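Student: I have just opened a new structure and would like to learn how to read it. Could you walk me through its features?

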Amino acid sequence: MFDLNKIIQPHLADLKSYSSARNEFSGDAKIWLDANESPFANGVNRYPDPLQMELRDLVASQRNVDPKQIFIGNGSDEAIDLLIRCFCRPGKDSILICPPTYGMYSVSANINNILIIKVPLRADFKIDVDSILNAVNRNSPKIIFLCSPNNPTGSSIDTNDIIEMCENFSGLVVMDEAYIDYSNRESATHLLSQLPNLVVLQTLSKAYGMAGLRIGFAFANTQITALLNRVKPPYNINILSQQKALDLLSNLAQIKDQIEQVKQLREDLMAELSVLNAVQRVFPSDANFLLIAFQNADLVYRYLLERGIVARNRSGEISNCLRITIGTPAEQTTLIKVLQKLESQIKKT
Ligand SMILES: Cc1ncc(COP(=O)(O)O)c(C=O)c1O
C-alpha cells in the first residue's frame with residue numbers, strides 16, 4: 001500500500017519550510033510593516049499570497065476538487081521538477097517514462113541526476129501496461145510519468161490502465177493532463193479519493209489560453225500537495241499572474257467556447273490534411289495539435305519555415321512526423337494553401 005513516508009526523500013520528511021511574512025499573518029490589517037516592502041502603492045509593491053488561496057478556491061470549485069488537494073506551480077513544469085526533487089534521490093533513484101512523450105520529464109530528471117527508465121508506447125501509441133509493470137518490478141522507479149492526451153502523439157490513456165498502474169505500484173503515478181480540456185474523456189481527478197498515489201497535472205497554458213502567466217496545477221492527496229507547498233519557493237506565483245488568472249477564469253463561458261472552436265478546427269484540419277498526397281497519415285488526436293506523417297517531413301518542415309510557418313519537427317522520435325498546433329481558421333487556410341503549393345511543385349518535378 002502507498003505510504004508517503006516510504007518514498008519521500010528522507011531529508012525532506014521533517015523539512016521546516018521558510019516562513020514568510022505573508023505566511024505568518026494573513027487577513028485584514030491597516031498598516032503592513034512586516035515584510036520590508038516599499039510603502040508606496042503601485043499595484044505590485046506587496047508580496048503575493050504565497051499559498052494563492054483565492055485562486056486555489058476558484059480552481060477547486062471549477063474542477064471539483066478540495067482546495068487542499070491543489071498545488072499551484074510556476075507552470076506545470078515546476079510541479080514536474082518539484083515532484084522529482086521531493087521523491088527521487090540523486091544518483092540512486094529513477095523515474096519511468098513512456099516515449100515518445102513530453103520532454104521535460106527527462107530534462108528535470110537529468111538536471112536532478114535521476115535515472116530514466118524508458119518503456120516505449122506501443123505502435124498504436126497506447127501505453128504498454130504489462131511492460132511498465134515488469135519494468136517497475138525490475139527497477140523500482142519512484143515515479144511513473146504518464147501523459148494523457150500525450151504530447152506529441154495526441155493519444156489518451158484508459159481509466160482502467162491508470163487504476164491498474166496505481167494499484168500495482170508503491171510509488172507515484174503522475175498523469176499529465178495538460179491537454180485534457182480538448183479531450184472528450186473525463187479527467188483522472190475523479191480517481192484521487194480512491195488512489196492515494198495518483199498525481200494529476202493540469203495547466204492554464206493550453207486550453208485556458210494563459211501560457212504567458214505560467215500557472216500549472218498538481219492535484220493530489222493532501223499529504224503530497226502539502227509537501228509540494230513546503231518545498232516550493234515561497235512566492236512562486238507572482239501577483240500579476242494570480243490577479244490575471246482570477247480575472248480570466250471568471251469568464252469560463254468564453255474559455256469553453258474557445259475550446260469547442262479548437263476541437264472543430266482540429267476536425268477541419270484533419271479532413272483537409274488527409275486528402276493531401278504528401279501526407280501519409282494524420283493520427284487521431286485528443287489535444288490541440290495533430291501529429292502528421294509525411295513522405296518527407298524534413299522537406300515539409302523547411303518549406304513551411306521558409307514561408308513563415310513554424311511547425312514542430314518530431315522526426316527524431318517518430319519517423320517523418322511533424323506536430324502542428326491548431327491555429328485560427330485564417331492560419332489553417334494559409335497552412336493548407338502552402339501545403340497544396342508544395343504538392344503541386346513536387347508533382348511537376
Ligand atoms: C504534456 C505537457 N505537460 C506540461 C507542459 C508544460 O506546461 P506549463 O506551461 O504549465 O509548464 C507542456 C507544455 O508544452 C506539455 O506539453
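Tutor: We will go through the domains, then their interface, then the cavity. Keep in mind that this is a predicted model.

Student: Which domains does the domain assignment give for the protein chain?

Tutor: A domain may be made of separate stretches of the chain, so read the bounds with care. Here domain 1 covers 4-18 + 47-250, and domain 2 covers 253-348. Taken over C-alpha atoms, the centres of domain 1 and domain 2 are 29 Å apart.

Student: How many residues of domain 1 are in contact with domain 2?

Tutor: Look at each side in turn. On the side of domain 1, 21 residues are in contact, and they meet 17 residues of domain 2. Together the two domains bury about 1,600 Å² between them, with 61% of that on carbon and sulfur atoms. In domain 1, the residues that lose the most area to domain 2 are Phe125, Pro152 and Tyr182, which together make up 39% of what that side buries.

Student: Which side chains meet in a salt bridge?

Tutor: For a salt bridge, check the distance from a side-chain nitrogen to a carboxyl oxygen, with 4 Å as the cut-off. The side chains of Arg185 and Asp286 meet this way, at 3.8 Å from N to O. The count between domain 1 and domain 2 is one salt bridge. Across the same interface, six residue pairs are in polar contact, both residues being at pLDDT 80 or more. As for residue classes, the side of domain 1 that touches domain 2 has 11 nonpolar, eight polar and two charged residues.

Student: How many cavities of 30 Å³ or more does a search of the whole structure find?

Tutor: The search finds one. The volume of the largest cavity is about 80 Å³.

Student: And which residues lie nearest the centre of the largest cavity?

Tutor: Of the 13 residues that line the largest cavity, Leu121, Ile127, Cys147, Asn150 and Ile157 lie nearest its centre. By class, that lining has eight nonpolar, four polar and one charged residues.

Methods. Residues are numbered from 1 along each chain as its sequence is written. This is a predicted model: local features need pLDDT of at least 70, side-chain atom pairs count only at pLDDT 80 or more; totals for chains, interfaces and linings use all residues. Side-chain values use heavy atoms; hydrogens and water are left out. Contact means heavy atoms within 4.5 Å. Buried area is the accessible area (1.4 Å probe) that two parts lose on being put together, summed over both. A polar contact is a pair of N or O atoms within 3.5 Å; within protein, one must be able to donate a hydrogen and the other to accept it, and residues adjacent in sequence count only if both atoms are side-chain atoms. Ala, Val, Leu, Ile, Met, Phe, Trp, Tyr, Cys and Pro count as nonpolar, Asp, Glu, Lys and Arg as charged, and the others, Gly among them, as polar. On a 1 Å grid over the protein atoms alone, a cavity is a set of points where a 1.4 Å probe fits but cannot get out, and a pocket is an open set with protein on both sides within 12 Å along at least five of seven lines; lining residues have an atom within 4 Å of a point. Grid points are joined across faces, edges and corners, and a volume is the space filled by probe spheres set on the points.
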